[in-house]
Amino acid sequence: MYLIYNAHVVNEGRVFKGSVLVDGDSIEAIYKKEPPKDIMEKSEVIDASDCWLLPGVIDDHVHFRDPGNGESGDFHTESRAAVAGGVTSVMDMPNTNPPTIDLKSWENKMSMAATKSMCNFSCYIAATDDNLPQLLSADASRLCGVKFFMGTTTGSMALKNAGSVDRLFREVKLPIAVHAEDDEIIKKNIEHYKNLYKDKIPVNCHSGIRSEDACFRASAKAVDMALKYGTRLHLAHVSTQKELALFKNVPVDNKSITCEVCVHYLLFSSNDYEIYGTKIKCNPAIKSENDRKSLLAALATDKIDVVATDHAPHTWEAKQGDALTAASGMPGVQFSLPLMLELAKKGETGVETVVEKMCHNPAKLFGIEKRGFIRKGFKADLVIVARNKHWSLTKDKILSKCGWSPYENRSFTTQVQYTFVNGIPVFKNGEFNETARGQELSFVR
């Protein structure tokens, strides 16, 4: 047994001094007063006096690259980075090689994750024009959701048939996570910039190519269809102020249309291309400073439900090029929680809000069984974070296989000390339990 003693517990909108007892893979007790003497004596006590104790982060949007893209990452390397950053559960996207577009490829991927992942896991299946029967027959207690690519992105798995899209929204009852960008607008924007720059379009034009209008038109279309059919819709990586008007300002429990923002949209704007170049090239593109500020302000409301990463490692070689040729995507799963806690310490959000958007709401939104909260009987996915620990992100601290980060050289004032996954301290003061493996997530719907 482990007793996490005298921590600043952050849970369900409150911060209180308390201790948490972990027995086996679950939370056995929560003490708001001094724990019983016999519990102290027979437990391994972890003094967390100057630490926050948080539920483990649930990242509903990662690309761990397995199978087929092992040069930039895999379930082991990226889950190792995840637990070092306090992320205890992930949901992996289907644009792999081969793509996850049927139940057989999904089962193969889940088996791969079970043998390699240090954190808990689930995997999406992508919607195609041909696989609706498989989506309808999938086990809703095991499948986190269906990914629908409305615009062309890595993997090019967008549905082409309007009838297939209609049936997807009408018949599939699983959460449908949408990458919403309008191809027609993007193509017109590309032609515009090609006329200006010929063969090499500067990376700072990426925000103009994958523009606000491209995002809003696609997001609005998805929302309209979800309203028509009562679809359980989740808009991934919202990047603009304009899109916020599509979402209700009510708690996640009371709505069927939800949205996610990624950490990089809260930290970077199009002004930062001059400094970071292709490091911050992603799809949808990072937008204006006004968009960044608006998304950050919306965290304090119920318009934004989830903060995720869209963790997408690429080799450094693949990130070279211009607005059209450099790979889109960046790693982030190792540093998402520390980055969000820095925003909290600066007063730009609250630590309770960080926990709500990164732990509680993903569990509620997807119906994850017994995770995302510090509650008796729930799985002991827990993170101990030193509240006053100063460090800088140097290259040697980057654990993602790609070996680079857009956050390199940033300074931090908090640091993850322990990450428990199913009651096991898989990360402890910079050391890993390399034999530990996460569990498959289960869903109650």
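1. P98 sits in the loop between β7 (87–92) and α3 (103–116), where helices (H or I, at least four residues) and strands (E, at least two) are DSSP runs, numbered from the N terminus. The peptide bond joining N97 and P98 is cis, with omega about 5 degrees. A word on what we're looking at: this is a predicted model, with local features needing pLDDT of at least 70 and side-chain atom pairs counting only at pLDDT 80 or more, while totals for chains, interfaces and linings use all residues. Residues are numbered from 1 along each chain as its sequence is written, and side-chain values use heavy atoms, with hydrogens and water left out.

2. There is also a cis peptide bond between D66 and P67, with omega about -5 degrees. P67 is in the loop between β6 (57–62) and α2 (75–84).

3. Now to P313, in the loop between β14 (306–308) and α13. Buried or exposed? P313 counts as buried because its relative accessibility is 0%; the cut-offs are under 20% relative accessible area for buried, over 50% for exposed and partly exposed in between (1.4 Å probe, protein chains only). Leaving aside neighbours within four places in sequence, P313 is in contact (heavy atoms within 4.5 Å) with H63, R65, S72, E78, M330, P331 and C402.

4. D310 is buried, as its relative accessible area is 7%.

5. E12 is another non-glycine residue with a positive phi, near 50 degrees. You'll find E12 in the loop between β1 (2–11) and β2 (14–23). With a relative accessible area of 40%, E12 is partly exposed.

6. Have a look at helix α14 (residues 351–366) as well. Its 16 residues reach 22 Å from first C-alpha to last, close to the 22 Å expected at 1.5 Å a residue, the expected span being 1.5 Å times one less than the number of residues. Where does α14 bend? The bend is at H360, by about 40 degrees, and a proline, P362, follows within four residues; the angle is taken between axes fitted to the seven residues ending there and the seven starting there. α14 is mostly covered, with 13 of its 16 residues buried. After the helix comes G367, with a positive phi near 70 degrees.

7. On the packing of α14: its axis and that of helix α13 (residues 336–345) come within 8 Å and cross at roughly 145 degrees. Axes here are lines fitted to C-alpha atoms, for helices over the stretch in contact, and angles run from 0 to 180 degrees between N-to-C directions. From α13, S336, L337, M340, L341 and A344 meet V351, V354 and M358 of α14. The residues of this contact divide into 7 nonpolar, 1 polar and no charged (Ala, Val, Leu, Ile, Met, Phe, Trp, Tyr, Cys and Pro count as nonpolar, Asp, Glu, Lys and Arg as charged, and the others, Gly among them, as polar).

8. Last, A29 in strand β3 (residues 26–31). A29 is buried, with a relative accessible area of 14%. Leaving aside neighbours within four places in sequence, A29 is in contact with S19, V20 and L21. A29 and Y273 are 48 Å apart in space, C-alpha to C-alpha, and 244 residues apart in sequence.
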